[in-house]
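Hi everyone, thanks for coming. Let's take a short walk through a protein together, so please have a look at the screen.

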Amino acid sequence: MPLPVPAIDHVVINVRDGLDAAAGLYARLGFTLTPRGHHTLGSSNNLAILGTDYLELLGVQPGNSRTDVLDWPAGLNGLVFKTLDADATHAALHAAGLPVLEPQAFSRPVDLPGGSSGDAAFRTVRMEKAAVPAGRLFFCQHLTPGLVWDDAWR
C-alpha cells in the first residue's frame with residue numbers, strides 16, 4: 001500500500017490560553033480571521049485562510065475541556081497534511097510500521113458570512129506523541145470543506 005504524498009493542509013500555532021491576544025495580533029498584522037470556532041474536542045480556534053491551506057490559532061478558553069493544549073509548547077507546533085481518506089491514510093501508515101493512532105472524528109459549528117451555518121466536520125490521523133517530540137504531525141480529511149474555505153475569509 002503506497003504512503004500518502006504529503007501536501008500541506010494547515011499549520012497549528014498553539015497560543016495556549018492566549019487566543020484573544022493572538023487573534024488581535026494576527027488581525028493587526030493584516031490577517032483576516034474566521035470567527036472563533038469551538039471544537040467538539042474541547043479546544044477553540046481562529047483560522048487565517050490562505051487559499052488552499054491556512055494558519056490555525058489553537059487555544060483553550062475558560063470552560064474548554066481540552067487542557068492538553070496547555071501541555072504543548074506555545075508557537076508553531078503542528079504540521080497537518082491533507083488526506084481525502086483518513087481510513088486509507090491510516091492503513092498505509094500502519095502497514096508501513098509507523099506509529100499512528102486510529103482516525104479521530106470531530107466538528108465545530110460555523111456561521112458563514114452569507115448567513116448560513118453548519119458543522120465543519122473533520123477526520124484526522126495523528127502520529128503518536130512520542131514519534132514527533134518537537135510538535136504534532138497529522139493528516140486531516142475535511143468532510144465539509146465549504147465550511148472552512150469561504151472566499152470572504154481569504
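This is a predicted model: local features need pLDDT of at least 70, side-chain atom pairs count only at pLDDT 80 or more; totals for chains, interfaces and linings use all residues.

Residues are numbered from 1 along each chain as its sequence is written, and side-chain values use heavy atoms, with hydrogens and water left out.

Now the sheet. Eight strands make an open sheet with mixed pairing, in the order S2-S3-S4-S1-S5-S8-S7-S6. Strands here are DSSP runs of E with at least two residues, helices are runs of H or I with at least four, and both are numbered from the N terminus. Two strands pair if DSSP finds at least two bridges between them. At the edges sit S2 (37-38) and S6, each pairing on one side only.

Let's follow S7, residues 117-126. With S6 (residues 104-111), S7 pairs in the antiparallel sense over eight bridges, and Asp111 has Ser117 in S7 as its bridge partner. The two strands form a hairpin with five residues between them, and in that turn Gly115 has a positive phi of about 105°. S7 is also joined to S8 (residues 136-142) by five bridges, again antiparallel.

What about the inside? The largest nonpolar core has 19 residues, and those touching the most other members are Ile49, Tyr54, Val110, Ala120, Phe122 and Val148. Such a core is a set of buried Ala, Val, Leu, Ile, Met, Phe, Trp, Tyr and Cys residues joined through side-chain atoms within 4.5 Å; buried means under 20% relative accessible area, with a 1.4 Å probe and protein chains only. Apart from this core lies another, of 11 residues, including Val11 and Leu33.

On to the rings: searching the whole structure gives four aromatic pairs (Phe, Tyr or six-membered Trp rings with centres within 6.5 Å; planes under 30 degrees apart are stacked, over 60 edge-to-face, the rest tilted). Why is the pair of Phe81 and Phe139 called tilted? Their planes are at 40°, with the ring centres 5.5 Å apart, so the pair counts as tilted. Phe81 is in S5 (residues 75-82) and Phe139 in S8, 58 residues apart, and both are buried.

Finally, find Trp72: Lys129 lies over its face, 4.8 Å from the ring centre. Arg136 also lies over the face of Trp72, at 5.8 Å. For such a charge, NZ of Lys or CZ of Arg must be within 6 Å of the ring centre and within 35 degrees of the ring normal.

Conventions. Buried means under 20% relative accessible area, exposed over 50%, partly exposed in between (1.4 Å probe, protein chains only).
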